[in-house]
Amino acid sequence: MKFSKLIPMTVLAAATLTGCQKETSAISKDPEGCIELWADNLPELTDTTIYLKADPSDFDGYFYYVSNIGYIPFKMLHSAYYDADKLSMGQGITYLNYLDFETVGYTNQSCISTADMQKKNYFFAQCNGDDYGLPAQVSLTGSEKLYKGVCIYVNNTTYTYNVIVNSTAAGRGFFKEWTKDDLLQLHIIGENKTATKASADTVTVDLARGFKVMDKWTRIDLSGLDSINNIRFVITGTDTGEYGLNTPACFCFDGLKLLPL
């Protein structure tokens, strides 16, 4: 895998926000005036690259941190660490453009397929930092503004897909043999961080239910998230152990669409 060189963080102007693309289906038609978060709107990546940057002066004992991945009003954080002489993903959210549907193991952060893929670049979220580090979340700048959810496109990573469907894959380690009764779910939590009384709405997505494992880009309706200014991603599942979830707590997403209220 090839990693990007350290490049300066860039905040793109609000003018880069695109109008919502009209869907052909009346059920999936987006409202006028929504804003969109696309990885293609971030600084261009070289071929087969994942964006990672580390600041050695901001070491917390686990990872090096970097902030301000995104463009107005979207803000994301990710962390990285040095694996030998290369940077590797720690927690939070970054973006990439490479595709590798076969390599097993945690170093492969590619989506599992391009089926119904919307753009060239897309986001990768590592959702194991809520209790021990950096949460995977999209914050919306401007505390006076609230939004309603519209939709998001999600897909499994190759890493997650392989440890579920390929019981003999190298690097499975401590993952259990997947059964028809196992479950892996993504919880998309919309929060109002500025409310006097904290509130949260949740949309739950099956990344894997038994042997039905998500293997294409899937449009998820987020209309159940109302009056929010932060979206947090949490993954839960049935393969757990002494230290929590064993199944990789990661997924890919793109095209987050919200309607300003």
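Of the 261 residues in the chain, 50% count as buried, meaning under 20% relative accessible area, with exposed set at over 50% and partly exposed in between (1.4 Å probe, protein chains only). This is a predicted model, in which local features need pLDDT of at least 70 and side-chain atom pairs count only at pLDDT 80 or more, while totals for chains, interfaces and linings use all residues. Residues are numbered from 1 along each chain as its sequence is written, and side-chain values use heavy atoms, with hydrogens and water left out.

Now select Ile-188, Phe-233, Phe-251 and Phe-253, the residues with the most contacts inside the largest nonpolar core, which has 64 residues. Such a core is a set of buried Ala, Val, Leu, Ile, Met, Phe, Trp, Tyr and Cys residues joined through side-chain atoms within 4.5 Å. Its largest share, six residues, comes from strand 17 (residues 250-260).

Centre on Phe-251 and, leaving aside neighbours within four places in sequence, look for its contacts (heavy atoms within 4.5 Å), among them Phe-123, Val-154, Leu-207 and Phe-233.

Finally, select the cysteines: how many disulfides are there? The count is zero, where a disulfide is a pair of cysteine sulfur atoms within 2.5 Å. For Cys-111, the nearest cysteine sulfur, that of Cys-252, is 5.4 Å away, and Cys-111 is buried at 0% relative accessibility.

Conventions:
Helices (H or I, at least four residues) and strands (E, at least two) are DSSP runs, numbered from the N terminus.
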